[in-house]
Amino acid sequence: MDRTELILDIFALRARTAEARFQVELAQLEYMRPRLKRMWTHLSRTQGGIGTRGPGETQLETDRRMVDRRIARLRRELGHISRARDTRRKGRGEEFRVALVGYTNAGKSSILKALSGTDLFVEDRLFATLDSATRGVDLDSGYRALITDTVGFIRKLPHGLVASFQATLEEVAEADLLVHVIDASSPSWDHQVEAVEEVLHEIGASGHPTVLAFNKVDQLTHTEEDALRLRAADLFGPHVLTSTREQDGLASLRAALRTRVRAQRPTVELSIPVTDGKTLAQAYRESEVLDRRDSDTEVVLTARATRAQIGAWEKQRGIRVQIWNDT
């Protein structure tokens, strides 16, 4: 087996959902198709008479037709899945979307599991996650984000895999923010960062806003952690250190995500009649209230809110909304 065949074989063992199995099988077939000839060289030596075809050539044509039909069917199935994903994505409205990217086994699934408090498959091995999983995460202060875990990258990821996983990787390209998870305990983390950046460039996501998260810092000594901070600041500038095994080990990441979500929300002045307790409670629940002024007839809130929330308030009778231009 060559390197690509080995990687595809590992992916096939890790695939758990129908979509992942389709994607891996498609990559395997597309890689195998131009190499079918060498599999039948022992038959191609037995030739028939003049103008006839040997059994090797006949078998090759038969196999190629079968592979082509299977490839076409897999592409149709993945097309259906991709359209269904597009529909779900559009239904998310103005939700802030974050995609976790990184080298394989960097700890992306562990981070999403810890942030969301939901059950996810997590295992310390290469390519444990092939299926994208999206969870809603509460970031405190009325902020929320949809965070998606994605397939782990490797150096020189086979092009067939990139093409087959295109529908899954669209979650990365269309996210509002990328969180590049880096295994801080790996001695070659800088080379892994380069490999991830190469794949991001290949799928058209290299220019996205990104937060660098150095994960597994609990495995470092204090001296190693200090050296990491200095080197990361020198190479990349702002970054966060994370750990899913330490208490509050994700606090800095939550704060970074909250800051990014906050920047997407305009500031509004909301005037609510004192008798409208329902709208007042909703404003506190679904937005970040920055200031409050009370009078005999109304409550005036200064808050950060989503465009959808502001639009809904503007349609309510008795509610006055003024949008501020943040500077």
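**View 1. Pairing of strands β7 and β9 in the predicted model.** Strand β7 (residues 267-273) and strand β9 (residues 298-304) run antiparallel and are joined over 7 bridges. Strands are DSSP runs of E with at least two residues, helices are runs of H or I with at least four residues, and both are numbered from the N terminus. Two strands are taken to pair if DSSP finds at least two bridges between them. Within this pair, L270 stands opposite L301 in β9. This is a predicted model, in which local features need pLDDT of at least 70 and side-chain atom pairs count only at pLDDT 80 or more, while totals for chains, interfaces and linings use all residues. Residues are numbered from 1 along each chain as its sequence is written, and side-chain values use heavy atoms, with hydrogens and water left out.

**View 2. The open sheet of 4 strands.** The strand order is β8-β9-β7-β10, and the pairing is antiparallel. Because β8 (288-294) and β10 (320-323) each have a single partner strand, they stand at the edges, and one side of each is left without a neighbour in the sheet. From one strand to the next, the twist averages 20°; angles run from 0 to 180 degrees between N-to-C directions, and axes are lines fitted to C-alpha atoms, for helices over the stretch in contact.

**View 3. The open sheet of 6 strands.** Here the order is β2-β3-β1-β4-β5-β6, with mixed pairing. The edge strands, β2 (133-140) and β6 (240-241), each pair on one side only. Strands β1 (residues 97-102) and β3 (residues 143-149) are parallel and share 4 bridges, with L100 opposite D149 in β3. By contrast, β2 and β3 pair in the antiparallel sense over 7 bridges, and D138 has R144 in β3 as its bridge partner. The hairpin of β2 and β3 has 2 residues between the strands, and S141 in this hairpin takes a positive phi near 55°.

**View 4. Helix α5 against the sheet.** Helix α5 (residues 108-116) packs on the sheet and touches β1, β2, β3, β4 (177-183) and β5 (210-215), its direction making about 50° with that of β2. Contact means heavy atoms within 4.5 Å. The buried residues of α5 are K108, S109, I111, L112, L115 and S116. They lie on the same side of α5, because they cover an arc of only 160° around the axis; the arc is that of the directions from the helix axis to the C-beta atoms. Buried means under 20% relative accessible area, exposed over 50%, and partly exposed in between, with a 1.4 Å probe and protein chains only. The elements covering these buried residues include α10 (251-263). After α5 comes G117, with a positive phi near 70°.

**View 5. Two loop residues with positive phi.** N105, in the loop between β1 and α5, is not a glycine, yet its phi is positive at about 70°. This residue, N105, is partly exposed, at 24% relative accessibility. K216, likewise not a glycine, has a positive phi of about 65° and lies in the loop between β5 and α9 (222-236). With a relative accessible area of 15%, K216 is buried.

**View 6. Helix α8 and its contact with α9.** Helix α8 (residues 189-202) lies across β1, β4 and β5 and runs at about 150° to β4. Helices α8 and α9 pack at an angle of about 30°, with their axes 13 Å apart. In this contact, W189, D190 and V193 of α8 meet L228, R231, L235 and F236 of α9.
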